[in-house]
Amino acid sequence: MDKACYDAIGRRIRYVRYGKKLTQEQVAERAEISANYLSRIENGTARFSLDVLIQLINALDVSADYLLLDVIKKKEREGMDIQNYGKMPEAQIEFINQFIGLAGQYHILK
């Protein structure tokens, strides 16, 4: 993912947290990460793994598609759809496959 994607996800995490009237400390504890790390994620200055993203999804009780909405819309504008899956760079395919696998493990795909 590029920096703009991390920025967009971080902004949406902050928006959801504010909407639920949760502190960074509360969300960080639920997600089993430090509050400092969550702050950096929200500000777009920290990279995070799929595991951390899923921990945040569960901590905020929000859907993955909602947090990834800006990223998905950006990729759609760039022509990412199921018909182009095989034409994607290997790194993007691997990211999608890892996310689907982890999402299945954490039961966040419905």
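Mentor: Two residues are in contact when heavy atoms of theirs lie within 4.5 Å. Among contacts in the chain between residues at least 6 apart in sequence, 60% join residues at least 24 apart. What you see is a predicted model, in which local features need pLDDT of at least 70 and side-chain atom pairs count only at pLDDT 80 or more, while totals for chains, interfaces and linings use all residues. Residues are numbered from 1 along each chain as its sequence is written, and side-chain values use heavy atoms, with hydrogens and water left out.

The chain holds 7 helices and 0 strands, where helices (H or I, at least four residues) and strands (E, at least two) are DSSP runs numbered from the N terminus. Of its 110 residues, 41% count as buried, a word that stands for under 20% relative accessible area, with exposed meaning over 50% and partly exposed the range in between (1.4 Å probe, protein chains only).

The part to look at closely is the meeting of H1 and H3. Helix H1 spans residues 3–19 and helix H3 spans residues 35–42. Two packed helices are described by the angle between their axes and the distance between the axes. For H1 and H3, the angle is about 120 degrees and the axes are 7 Å apart; here the axes are lines fitted to C-alpha atoms, for helices over the stretch in contact, and angles run from 0 to 180 degrees between N-to-C directions. From H1, the residues Tyr6, Gly10, Arg11, Ile13, Arg14 and Arg17 meet Leu38, Ile41 and Glu42 of H3. The residues of this contact divide into 4 nonpolar, 1 polar and 4 charged, under a scheme in which Ala, Val, Leu, Ile, Met, Phe, Trp, Tyr, Cys and Pro are nonpolar, Asp, Glu, Lys and Arg are charged, and the others, Gly among them, are polar.

Now follow the charged residues. Side chains of opposite charge can pair when their charged atoms come close. A salt bridge is a side-chain nitrogen of Lys or Arg within 4 Å of a carboxyl oxygen of Asp or Glu, and a search of the whole structure finds 2 of them. In one, the side chains of Arg14 and Glu42 meet at 3.7 Å, N to O, a pair that links distant parts of the chain, 28 residues apart. In another, the side chains of Glu42 and Arg17 meet at 2.6 Å, N to O, and this pair is 25 residues apart, Glu42 in H3 and Arg17 in H1.

Glu42 counts as buried because its relative accessibility is 2%, and Arg17 counts as buried because its own is 6%. Leaving aside residues up to four places away in sequence, Arg17 touches Leu22, Thr23, Gln24, Val27, Leu38, Glu42 and Leu60, while Arg14 touches Glu42 and Asn43. Arg17 and Leu60 are 43 residues apart in sequence, yet 6.9 Å apart in space, C-alpha to C-alpha.

Just after H3, Gly44 takes a positive phi of about 75 degrees.

Helix H2 (residues 24–31) has Gln24, Val27, Ala28 and Ala31 buried, and these fall within an arc of 100 degrees seen down its axis, so they line one face of the helix. On the other side of H2, Glu25, Glu29 and Arg30 are exposed. The cover over the buried residues of H2 includes H1, H3 and helix H4 (50–60).

Key
The arc is that of the directions from the helix axis to the C-beta atoms.
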